[in-house]
Amino acid sequence: MQYREVPKNGDKLSILGYGCMRLPSKMGGIDQKPAERQMLYALEQGVNYFDTAYPYHNNRGESFVGKVFSQNNCRDQVKLATKLPHWMTHSKEGMHKILDEQLGKLKTDRIDYYLVHALNGGLWESSKEHGVMEFLEEALSQGKILNAGFSFHGLSGDFNQIVDDYDWTFCQIQYNFMDTQNQAGTAGLHYAASKDMAVMIMEPLRGGNLAKTPPPLVQKIWNRAKRKQSPAEWSLSWVWNQPEATVVLSGMNDDQHIQRNIRLADEMRPDFLSEQELDLVREVADEYRRVMKVGCTGCQYCMPCPAGVNIPSCFDFYNSKHAFKDKSARMMYLFQNGGMVTEKTSLASQCVQCGKCLEKCPQNLPIPELLKEVSGDMEGALAKPMIWLGRRMMKTRKKQSR
């Protein structure tokens, strides 16, 4: 297992991190025996960074992770990461209450790497108003958290401001060879690293889509490579090739996948891939974009939308559903754009056809017309009841956390 150092504290973290969002499931819950066996196997093979979050597995993920490490007396062998669901409270006191609850569920007296969850520019500003920086300082001084960071799901222009606003140890961004210009992107990766921040990478396989059987023309490109790897191995190799990437998180729930990922993590070094191989990956990315329903590169030039539509996000989920055959894309679209987390919707159906995005799009996409397609395909009759239910659940959780 290869390890990379966190600049601000000297921790040596395994380049393969264990993402606990997609643990094996059974009857709507965690399939506990195989999940525990797989986690312990990864730990034995040198994986030392385990990432979970408050909402994972219907708010039960942290309890399961805590039980595994507690019952097997291996808590001190891992660097444990979890996240503050800042949308559940509007006060510093509420954040402390949530943290104490998480410590109890995780059966630990400290969290090694604690992230403010799923930030964008607006959520960061509201979190600051609610006292999140004061909360982090107090939690650090009390030793309840050892390192403060954030995970990011916003526009590229917001990322640098969040980095600059606080003395973060690390951040977590979505990054893969399809998302070099989306969200934080390559520019954000380099900017965070220039500030001596460790960068944890989520979605290196774009929700598993880059590991699926590729379209025939994509497979033909992979077949030209001298190095024989699966699409998943190419995707992971590409991210690990970036020296700025500290940990690459994989939501591992299959024995063979775990073994493959660990084997690859034993081999990878920064700048391991040749220029010819990097050119091959760029060809694959271009071909994927060619078969997508919308040729959006995620450049964000169309944002902000006067009507509140998250245009790149709408197109991203739409492409995932059709180009990658992602069965969860519609549900995730409604969850993230339907206001279930922030109470602020950003759906395609909000488009008022003002046309302001048209003059900004470098791809000359007919954005309003495409948003009509997205709305018809991704929303439909189930959208309103799902959004209503999600908001009601969120309000209930907020009341319970106060």
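## Domains, strands and aromatic rings in a predicted model

The chain is divided into domain 1 (3-288) and domain 2 (311-401), bounds that come from an automatic or database domain assignment. Taken over C-alpha atoms, the centres of domain 1 and domain 2 are 24 Å apart. The model is predicted, and therefore local features need pLDDT of at least 70 and side-chain atom pairs count only at pLDDT 80 or more, while totals for chains, interfaces and linings use all residues. Residues are numbered from 1 along each chain as its sequence is written, and side-chain values use heavy atoms, with hydrogens and water left out.

Helices (H or I, at least four residues) and strands (E, at least two) are DSSP runs, numbered from the N terminus. Strand β7 (residues 79-84) is mostly covered, with 5 of its 6 residues buried, where buried means under 20% relative accessible area, exposed over 50%, and partly exposed in between (1.4 Å probe, protein chains only). Two strands pair if DSSP finds at least two bridges between them, and the table lists the pairings of β7.

| Strands | Bridges and direction | Residues standing opposite |
|---|---|---|
| β6 and β7 | 3 bridges, parallel | F50 and L80 |
| β7 and β8 (residues 113-119) | 4 bridges, parallel | L84 and V116 |

Together, β7, helix α4 (residues 92-106) and β8 make a right-handed β-α-β unit; right-handed here says that, with the strands pointing away from the viewer, the path from the first strand over the helix to the second runs clockwise.

A search of the whole structure finds 15 aromatic pairs, counted when rings of Phe, Tyr and Trp (its six-membered ring) have centres within 6.5 Å, with planes under 30 degrees apart called stacked, over 60 edge-to-face and the rest tilted. The rings of Y18 and F50 are stacked, because their centres are 5.3 Å apart and their planes are at 15°. This pair links distant parts of the chain, since Y18 is in strand β3 (residues 16-19) and F50 is in strand β6 (residues 49-51), 32 residues apart. Y18 counts as buried at 0% relative accessibility, and F50 is likewise buried, with a relative accessible area of 0%. Elsewhere, W124, F150, F152, F159, Y166 and W168 form one aromatic cluster.

In helix α15 (residues 367-378) lies S375, which is buried with a relative accessible area of 17%. Not counting residues up to four places away in sequence, S375 touches A348, S349 and G380, contact being heavy atoms within 4.5 Å.
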